[in-house]
Amino acid sequence: GQRVIHEFVDSLHTAPAPFDPIPGLPIYVGIDGGKTPAAAFMQQTKERQWRQFGELVADKIGCASFIEDMLKPYVAELEQGDHATFKYTVDPAMMGEVDSDVGLYRAAGFDVRPAFTNDWGVRRDLLGRMCSNMVAGKPRYYLSPACKRTRMALAKGYVLNKVGVASNGVIIYAMKPDKRSQHSHCADATMYAPMGAGEGRDLLRRSQQSEETEQAAVRLNSVA
């Protein structure tokens, strides 16, 4: 398949050794729901580098078990450190009206908030841009090798599947990655975490402006 975050370079973006969270800085937690939940734990430095130090990835255990058996113990350990705040950002699709996953998180004491958009193109470009940019001579996105599932996803597992071949021989790929893939959940969680700090809002505005421009062009053409 075609890598989704093709800007990710393992030798550049993955640290040589695991690192701990930085005392005093907020921890941003991105959560992807469903039957195989995942969470990404990140911090933003004063130089605006995003450092992902932790991950939780479940394998078909469901939301309630993920919260009790994985998320609660991990966060409890982090809370022993000197961290100003925890900010939890989740997939907006988890905001169901009946028996929502969000309700389970909030009942367990986690103040989860939906990301400002679930637009896949915006989320992809957000992480791609973070991987492309440098701050103070360092990559803007930096990953601990302790995050093995995220590392595997970004390096080669999170892909657009091949769906066909055009008449000219060009390979045609799916427009979006397969949500059933074991790699999609940790990658999506990694996208949601920085969105909790407002990262990517400019990309959403551009996307909306582009869509409005296209719609205006269509209206003009239909009148003509």
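The following legends describe close-up views of a predicted model.

**View 1. The largest nonpolar core of the predicted model.** This core comprises 32 residues, and those with the most contacts inside it are Ile5, Phe8, Leu127, Met130, Tyr141, Leu154 and Tyr158. At least two core residues come from each of β3 (38-44), β4 (50-57), α4 (120-132), β9 (141-143), α5 (148-157), α6 (184-195) and α7 (201-223). Helix α6 gives the most, namely seven residues. Beyond its neighbours within four places in sequence, Met130 is in contact with Met42, Trp50, Arg140, Tyr141, Pro194 and Glu199. In soluble globular proteins, nonpolar side chains tend to be buried together.

View 2. The structure has six aromatic pairs. The ring centres of Phe41 and Phe53 are 6.3 Å apart with the planes at 45 degrees, so this pair is tilted. Because Phe41 belongs to strand β3 and Phe53 to strand β4, the pair ties together parts that are 12 residues apart in sequence. Phe41 and Phe53 are both buried. A further pair is formed by Phe86 and Tyr88, with ring centres 6.3 Å apart; their planes lie at 15 degrees, so the pair is stacked. Phe86 is partly exposed, its relative accessible area being 22%, whereas Tyr88 is buried at 6% relative accessibility. One aromatic cluster consists of Phe41, Phe53 and Tyr74.

**View 3. A charged group over an aromatic ring.** Arg51 places its charged end over the ring of Phe19, at 4.2 Å from the ring centre.

**View 4. Parallel strand pairing around β5.** Strand β5 (residues 86-90) pairs with strand β2 (residues 27-32) in the parallel sense, over five bridges. Within this pairing, Tyr28 has Lys87 of β5 as its bridge partner. Strand β5 also runs parallel to strand β6 (residues 112-114), to which three bridges join it. Here Val90 has Pro114 of β6 as its bridge partner.

**View 5. The salt bridge between Asp59 and Arg149.** This contact is one of 10 salt bridges in the structure, and the closest N and O atoms of Asp59 and Arg149 are 3.4 Å apart. The pair links distant parts of the chain, 90 residues apart: Asp59 is in the loop between β4 and α2 (63-78), and Arg149 is in helix α5. Asp59 is exposed, with a relative accessible area of 51%, while Arg149 is partly exposed at 25% relative accessibility.

**View 6. The salt bridge between Asp202 and Arg129.** The side chains of Asp202 and Arg129 meet at 2.7 Å, N to O. Asp202 is located in helix α7 and Arg129 in helix α4, so the pair ties together parts that are 73 residues apart in sequence. Arg129 is partly exposed, at 23% relative accessibility.

**View 7. The salt bridge between Arg140 and Glu199.** The N to O distance between the side chains of Arg140 and Glu199 is 2.9 Å. Arg140 occupies the loop between β8 (138-139) and β9, and Glu199 the loop between α6 and α7, so the pair ties together parts that are 59 residues apart in sequence. Arg140 is buried, with a relative accessible area of 3%; Glu199 is buried as well, with 8%. Elsewhere, salt bridges with shared partners join Glu7, Arg124 and Asp125 into one network.

Methods:
Residues are numbered from 1 along each chain as its sequence is written. This is a predicted model: local features need pLDDT of at least 70, side-chain atom pairs count only at pLDDT 80 or more; totals for chains, interfaces and linings use all residues. Side-chain values use heavy atoms; hydrogens and water are left out. A nonpolar core is a set of buried Ala, Val, Leu, Ile, Met, Phe, Trp, Tyr and Cys residues joined through side-chain atoms within 4.5 Å. Buried means under 20% relative accessible area, exposed over 50%, partly exposed in between (1.4 Å probe, protein chains only). Helices (H or I, at least four residues) and strands (E, at least two) are DSSP runs, numbered from the N terminus. Contact means heavy atoms within 4.5 Å. Rings of Phe, Tyr and Trp (its six-membered ring) pair if their centres lie within 6.5 Å; planes under 30 degrees apart count as stacked, over 60 as edge-to-face and the rest as tilted. A charge sits over a ring if NZ of Lys or CZ of Arg is within 6 Å of the ring centre and within 35 degrees of the ring normal. Two strands pair if DSSP finds at least two bridges between them. A salt bridge is a side-chain nitrogen of Lys or Arg within 4 Å of a carboxyl oxygen of Asp or Glu.
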